[in-house]
Amino acid sequence: MKYIDEFQDPDLARRLLDEIRSTVTRPWALMEVCGGQTHTIIRHGIDQLLPDEVELIHGPGCPVCVTPLEVIDKALAIASRPGVIFCSFGDMLRVPGTDRDLFQVRSEGGDVRVVYSPLDALRVAQQNPDREVVFFGIGFETTAPPNAMTVYQARKLGIPNFSLLVSHVRVPPAIDAIMRSPSCRVQAFLAAGHVCSVMGTGEYPDLAERYEVPIVVTGFEPLDILEGVRRTVLQLERGEHTVDNAYPRAVRPEGNPAARAMLADVFEVTDRSWRGIGVIPDSGWRLSPRYREYDAEHRFSVTGIDTREPAACRSGEVLQGLLKPHECEAFGTSCTPRTPLGATMVSSEGACAAYYLYRRLDLTPAAASDSLEGSAVV
Amino acid sequence: MCLAVPGRVLDIEDRDGTRMATVDFGGVVKEVCLEYLPDLRVGEYAIVHVGFALQRLDEESARRTLELFETLGLLQEEFGDPLEAQQ
Ligand code: SF4
């Protein structure tokens, strides 16, 4: 119980854990879909507080990690062009492409800027009418609506020098792909709460029914995770498989209708390749034909890029819950947050980074002091 | 970037035909687009992701989450600029 006093309400945490312990009678494997949840779990040692029967498997829900190498390489190519201002969320800057990252492009003279919101990138375009401004539009269903709105605004305001490099991904097809995999061990899902704040819960009953798998919509704080696990284990023990909302303060069944309408207008569903995993049918969005002129891939023809994944990196297996990060040979040796080989080590949401930063038990003393410096919270 | 942070609306205005708000995230103040939650009022709380309010939140949950994020250093992680941190 060494972490439990750090919980916001340690008494409630203890009660939830006791309930889980008294409910569970046999082993269960639960997948938390979202990288934010993985971080909460590792940071608070929730996986170690849970009874041995409950295993948490980390899911593919880190947008930075799953952005395909090919798209990173396209971003690097566009950002290197003279006259381009390339805007991105900060956590994309160190994601390695085939031979460099956005930080390097910037140190070589590229105009790479970090923005907090896609609307900031649109403002940069308004202020620099003689330059091409490209925003790196990655993320799941939570980030896609802001990016969709920005493209809509660009058209409404007639801003011609703005475009989006789109690599959006959708959760339900990923769940489907995980359940179809012959080596799948997942028996239940903690669904990502903020994705559901936008999309609601309507996409899940079909999956729960088809694969007989409980899906519990779960928030991001330590107590949210414990409550999500408690409800999931309850269903598993009873042999139920329904969609349950354990995050009602932020998730309504219908999600956010205005955001969903904008998504449907600006984007269309497409097959998308996930880094380390491969193509998952219908798992992404691209700009719909009406907005094609705002598509950076269209505007800057970036083709013929030769992409090469580092052979040592096993992030594909990590992202599918088939391998725990510390089981990778490169983990903590040739691959650290400072010298990342794979995206799951770069991203602050990535499972490899979470293990490296918070699971200090598994580290050599030298690596541990490196991780203390690297983390904002310890 | 993945974090959706609760914030309190301080002020609302129309800019270029878009409903925008000034929102306080436990001391950090940012511009936030309200187009997806158009009936949000001054003083109310919402979950905000990359500059967009996505869902209303009650005050009690918002405060608890913000306190927790603050303790964990997550607000700095979310709002800090990695380019400045590098230099
Ligand atoms: S530890 Fe590094 S090399 Fe291994 S899977 Fe994770 S990111 Fe890839």
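Q: Hi! How much area do chain B and chain A bury between them?
A: About 3,700 Å², with 62% of it on carbon and sulfur atoms. Buried area here is the accessible area (1.4 Å probe) that two parts lose on being put together, summed over both. This is a predicted model, where local features need pLDDT of at least 70 and side-chain atom pairs count only at pLDDT 80 or more, while totals for chains, interfaces and linings use all residues. Residues are numbered from 1 along each chain as its sequence is written, chains are lettered from A in the order in which they are written, and side-chain values use heavy atoms, leaving out hydrogens and water.

Q: Thanks! How many residues does each chain bring to the contact?
A: Chain B brings 42 residues and chain A brings 51. Contact means heavy atoms within 4.5 Å.

Q: And how many salt bridges cross that interface?
A: Zero, by the rule used: a side-chain nitrogen of Lys or Arg within 4 Å of a carboxyl oxygen of Asp or Glu.

Q: OK, how many residue pairs are in polar contact, then?
A: There are 10 between chain B and chain A, with both residues at pLDDT 80 or more. A polar contact is a pair of N or O atoms within 3.5 Å; within protein, one must be able to donate a hydrogen and the other to accept it, and residues adjacent in sequence count only if both atoms are side-chain atoms.

Q: Which element gives the most to chain B's side?
A: That's α1(B), with seven residues. Helices (H or I, at least four residues) and strands (E, at least two) are DSSP runs, numbered from the N terminus.

Q: New topic: where is V50(B)?
A: V50(B) sits in the loop between β4 and β5 of chain B. Its phi is near 35°, a positive value in a residue other than glycine. Most residues other than glycine have a negative phi.

Q: Is V50(B) buried or exposed?
A: V50(B) is buried, at a relative accessible area of 1%. Buried means under 20%, exposed over 50%, and partly exposed in between (1.4 Å probe, protein chains only).

Q: What about E212(A), buried or exposed?
A: E212(A) is exposed, at 56% relative accessible area. You'll find E212(A) in the loop between α11 (205–211) and β8 (215–218) of chain A, and its phi is near 50°, also a positive value.

Q: Last one: what does T336(A) touch?
A: Leaving aside residues up to four places away in sequence, T336(A) touches M345(A) and Y356(A). T336(A) is buried, with a relative accessible area of 8%.
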